[in-house]
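This briefing goes through a protein structure by topic. Keep the sequence and the structure in view while reading.

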Amino acid sequence: LFVNGRNDGKLLVHETGFKSLVGTLALDIKSRDVMSENRYPVTMVGLNNLVTTIIKQWEAEAKYGEVDVLYRPKNRLGEQECEVIETSHPKKRNQFPFQLTRVWIDTATNWVIRVEQFDFPAAQGGEPPLAEEYTYVRIKPNVGLTDRDFDKRNPAYEFP
């Protein structure tokens with residue numbers, strides 16, 4: 001569980017099964033254990049943060065030119081009809097964190113539902129390797145969550 005401004009800014013975690021005997025741990029959101037399989041802290045999760053990050057990236061990159069933009073209006077991601085915006089850079093430069101960025105927008109909701117970021121290829125003319133991929137499916141906004149849904153005392157979480 002993580003709630004900004006609560007629990008001294010810590011992430012409350014617990015294991016399941018035998019490891020659950022350890023109990024609830026309060027971990028720093030940028031600790032080695034928390035970040036071992038993540039590129040960004042939990043505070044960066046979510047559609048709003050994703051869109052804000054991409055907009056800032058594109059605004060910064062646009063200052064330098066050398067950007068190709070491709071718009072593909074008719075695509076699908078599973079069952080969802082999408083538009084795709086793709087930006088790419090012909091040369092690796094310090095101001096370009098990625099060689100290629102693809103943003104998938106659900107045409108029914110206008111929500112960004114997928115972002116793919118590719119690093120520059122190791123060799124000239126090579127395929128750019130996937131560095132980051134974020135996909136949001138079956139989004140249900142405003143489901144009526146309350147403070148209790150983010151309370152470690154909620155018995156539904158079975159925190160030891």
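Is Thr-101 buried or exposed? Thr-101 has a relative accessibility of 1%, so it counts as buried (under 20% relative accessible area; exposed is over 50% and partly exposed lies in between, with a 1.4 Å probe and protein chains only). The model is predicted: local features need pLDDT of at least 70, side-chain atom pairs count only at pLDDT 80 or more, and totals for chains, interfaces and linings use all residues. Residues are numbered from 1 along each chain as its sequence is written, and side-chain values use heavy atoms, with hydrogens and water left out.

- Thr-101 is part of strand 5 (helices, H or I with at least four residues, and strands, E with at least two, are DSSP runs numbered from the N terminus).
- The side chain of Thr-101 has a polar contact of 2.4 Å with the side chain of Gln-117 and another of 3.1 Å with that of Gln-57.
- A polar contact is a pair of N or O atoms within 3.5 Å; within protein, one must be able to donate a hydrogen and the other to accept it, and residues adjacent in sequence count only if both atoms are side-chain atoms.
- Beyond four places in sequence, Thr-101 is in contact (heavy atoms within 4.5 Å) with residues including Ile-54, Trp-58, Ile-85 and Thr-87.
- Thr-87 belongs to strand 4 and is buried, at 5% relative accessibility.
- The side chains of Thr-87 and Trp-58 form a polar contact of 3.0 Å.
- Thr-87 and Leu-100 are 13 residues apart along the chain, and their C-alpha atoms are separated by 5.7 Å.

**The aromatic pair**

- The count is one aromatic pair (rings of Phe, Tyr and Trp, the last by its six-membered ring, with centres within 6.5 Å; planes under 30 degrees apart are stacked, over 60 edge-to-face and the rest tilted).
- The ring centres of Tyr-64 and Phe-96 are 6.5 Å apart and the planes stand at 90°, so this pair is edge-to-face.
- Tyr-64 lies in the loop between helix 2 and strand 3 (68-77), and Phe-96 in the loop between strand 4 (80-88) and strand 5 (100-106), so the pair links parts of the chain 32 residues apart.
- Tyr-64 is partly exposed at 49% relative accessibility, whereas Phe-96 is buried at 3%.

- The largest pocket holds about 410 Å³ of space.
- Of its 22 lining residues, the closest to the centre are Tyr-40, Met-44, Val-45, Leu-50 and Tyr-134.
- On a 1 Å grid over the protein atoms alone, a pocket is an open set of points with protein on both sides within 12 Å along at least five of seven lines, and lining residues have an atom within 4 Å of a point.
- Helix 2 (47-62) gives the largest share of this lining, five residues.
- The lining of the largest pocket has 14 nonpolar, six polar and two charged residues (Ala, Val, Leu, Ile, Met, Phe, Trp, Tyr, Cys and Pro are nonpolar, Asp, Glu, Lys and Arg charged, and the others, Gly among them, polar).

**Asp-151**

- Asp-151 is in the segment after strand 7 and is buried, at 18% relative accessible area.
- A polar atom of the Asp-151 side chain lies 2.8 Å from the backbone nitrogen of Arg-153.
- Apart from neighbours within four places in sequence, Asp-151 is in contact with Leu-1 and Tyr-157.

Methods: 1 Å grid on protein atoms, 1.4 Å probe; cavity = no way out; pocket = protein on both sides within 12 Å on 5 of 7 lines; lining within 4 Å. Points joined across faces, edges and corners; volume = space filled by probe spheres on them.
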